[in-house]
Each structure stands twice: as structure tokens, then as C-alpha cells.
Amino acid sequence: FYGAIDLYSAKFKGDDGRWDRLFVTMSNWEKTSPQSPFAKLAWTRVLRNQAWAIRGHKYSSETPQAAMSTFGSKIEEVGQLLQSSRALTSTVPDWYQQMLEVYRDMGAPLDKVTALVDEGIRRFPTYDPIVETASDSFLPKWNGSDEEFARFARHVNETAPDGNGPRLYARLYYAVSYSEYYYNTVFGKGGADWPTLKKGLETNL
């Protein structure tokens with residue numbers, strides 16, 4: 001469902017009038033279903049997608065300051081909306097995924113990211129997008145480094161509940177194995193431990 005929203009709005013430009021029509025649809029849904037966590041999370045997802053459409057996907061140093069400023073304001077608004085509706089919307093795992101995306105976009109401290117991951121996987125231990133989304137924050141492109149990524153993977157392996165550590169460890173490295181950072185280098189640059197990774201891969205089968 002959320003993927004369909006992303007694919008649909010990915011066609012829009014930052015100043016596209018279709019955003020307004022989409023927000024009207026989201027607003028109507030929220031009004032008719034005020035206790036639906038999905039309606040509120042659809043709204044925040046669309047707002048974040050609009051922020052990225054305005055910013056574009058170039059490096060921040062190559063992006064006009066006005067676009068970066070608007071992007072920052074909208075991402076902050078997304079975060080505030082998620083927090084204000086937390087009692088309702090965090091009953092579904094996408095709240096954690098979206099909040100972690102906001103943390104990444106805002107360059108939140110990595111200990112704050114880790115704390116939210118710990119909470120999220122305690123509540124939804126089999127919802128892999130929580131750790132996969134959080135892992136972006138630990139990459140050199142965002143707010144991390146090779147060492148921070150490997151440390152985060154070890155932390156997930158050691159602390160995930162219900163024996164999910166190795167499985168999530170493998171999911172993390174699988175998610176970045178084709179990235180610009182760790183393509184063919186998950187054991188070198190990425191710091192992956194083969195026995196743990198092997199155990200996780202076997203668990204995922």
C-alpha cells in the first residue's frame with residue numbers, strides 16, 4: 001500500500017499541482033476515518049515524498065539553499081506529525097519506518113536511531129524494514145561510517161528479541177550488498193562476520 005503511494009507520487013515534481021489533489025484525498029480519508037493509523041501515516045508519507053520532490057536527489061552541496069530550507073521545514077513537520085499521533089500510529093510498524101526515515105533525513109544522532117530501532121523490533125520483531133531503513137543512517141553517505149555500520153549490525157544481532165538477531169544481521173548486509181559502499185566488500189569495508197552471516201542466511205531460507 002505505502003509502496004503504491006511512493007510509486008504514484010514519485011511521478012510528481014516539487015511544484016506539481018497534483019500534490020494538492022493528493023493531499024485533499026488524504027485529508028478526506030483522515031476526516032472519515034479519524035481513528036485509522038493508516039490514514040495518518042499515508043498523510044505523512046505523502047508529505048515526506050513532496051519534501052524530497054522539492055529537494056531533489058543531488059548532494060546537498062549541489063542543491064539550491066531555498067530547496068534545502070523548504071525540505072528541512074517539511075521533514076520537521078513530518079516528524080512533528082508522527083510524534084503527535086504516536087499513540088495511535090505506532091500501533092503499526094510503518095510508524096517506526098517513517099520515523100527512522102525522518103531521523104535519517106535530519107541527521108539524528110546515531111544513539112537516538114539505535115534506541116528507536118530497539119523499541120521497534122521489540123514490538124515488531126519480524127518487520128524487517130525497521131532495521132533496513134535504520135541502516136541507512138549508519139552509512140558514510142548519511143551520518144555514519146564503515147565502523148558505525150558494522151557496530152550497528154552487531155548490536156542488532158546481539159539484542160534482537162526472539163532469536164531474530166542473526167536473521168536481521170543477514171537482512172542488513174543483504175540490503176547493502178549491492179550499494180555503492182559495500183558492493184563485493186561486505187566482509188572488508190562492511191565488517192560482516194561470516195559465521196554470523198551464514199547463520200542468518202540459513203535462518204532466512
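Let me start with a term: a residue is buried when its relative accessible area is under 20%. Arg45 comes in at 6% relative accessibility, so Arg45 counts as buried. Keep in mind that this is a predicted model.

Let's stay with Arg45. What does its side chain meet? One partner is Asp6, in a salt bridge of 2.9 Å, N to O. Arg45 sits in helix α3, and Asp6 sits in helix α1, residues 2-9. The pair therefore ties together parts that are 39 residues apart in sequence. Is Asp6 buried, exposed or partly exposed? Its relative accessible area is 25%, so Asp6 is partly exposed.

Arg45 has another partner. Its side chain also meets Asp94 in a salt bridge, again listed at 2.9 Å, N to O. This pair links distant parts of the chain too: Arg45 in helix α3 and Asp94 in helix α6, residues 94-106, are 49 residues apart. Here both Arg45 and Asp94 are buried.

How many salt bridges does a search of the whole structure find? The count is 14. One more for your notes: Arg18 forms a salt bridge with Asp16, and their closest N and O atoms are 2.8 Å apart. Arg18 is at 30% relative accessibility, so Arg18 counts as partly exposed. Asp16 has a relative accessible area of 19%, which means that Asp16 is buried.

Back to helix α3, which covers residues 37-55. Val46 is found there. Its relative accessible area is 0%, so Val46 is buried. Which residues does Val46 touch, not counting residues up to four places away in sequence? They are Ile5, Trp19, Leu22, Phe23 and Met26. And a distance to go with that: the C-alpha atoms of Val46 and Gln35 are separated by 19 Å, with the two residues 11 apart along the chain.

Now the nonpolar core. The largest one has 53 residues. Which residues have the most contacts inside it? Leu100, Val113, Val117 and Tyr173. Take Val117. Leaving aside neighbours within four places in sequence, Val117 is in contact with Leu100, Ile130, Val131, Ala134 and Phe152.

On to the surface. Tyr174, Tyr178 and Tyr183 form a nonpolar patch there. Together they have about 430 Å² of accessible area. Tyr174 has its place in helix α10. At 52% relative accessibility, Tyr174 counts as exposed, because exposed means over 50%.

Tyr174 brings us to Ser177. The side chain of Ser177 reaches the backbone oxygen of Tyr174 at 2.8 Å. Where is Ser177 found? In the loop between α10, residues 165-176, and α11, residues 194-204. Is Ser177 buried or exposed? Its relative accessibility is 17%, so Ser177 counts as buried. Not counting residues up to four places away in sequence, Ser177 touches Tyr182, Tyr183, Asn184 and Val186. You have met Tyr183 already, in the surface patch with Tyr174 and Tyr178.

Methods
Residues are numbered from 1 along each chain as its sequence is written. This is a predicted model: local features need pLDDT of at least 70, side-chain atom pairs count only at pLDDT 80 or more; totals for chains, interfaces and linings use all residues. Side-chain values use heavy atoms; hydrogens and water are left out. Helices (H or I, at least four residues) and strands (E, at least two) are DSSP runs, numbered from the N terminus. Buried means under 20% relative accessible area, exposed over 50%, partly exposed in between (1.4 Å probe, protein chains only). Contact means heavy atoms within 4.5 Å. A polar contact is a pair of N or O atoms within 3.5 Å; within protein, one must be able to donate a hydrogen and the other to accept it, and residues adjacent in sequence count only if both atoms are side-chain atoms. A nonpolar core is a set of buried Ala, Val, Leu, Ile, Met, Phe, Trp, Tyr and Cys residues joined through side-chain atoms within 4.5 Å. Patches are made of residues with over 30% relative accessible area and no salt bridge: like charges are joined within 9 Å, nonpolar side chains (Val, Leu, Ile, Met, Phe, Trp, Tyr) within 5 Å. Accessible areas come from the Shrake-Rupley method with a 1.4 Å probe; for residues, only the protein chains shown count as cover. A salt bridge is a side-chain nitrogen of Lys or Arg within 4 Å of a carboxyl oxygen of Asp or Glu.
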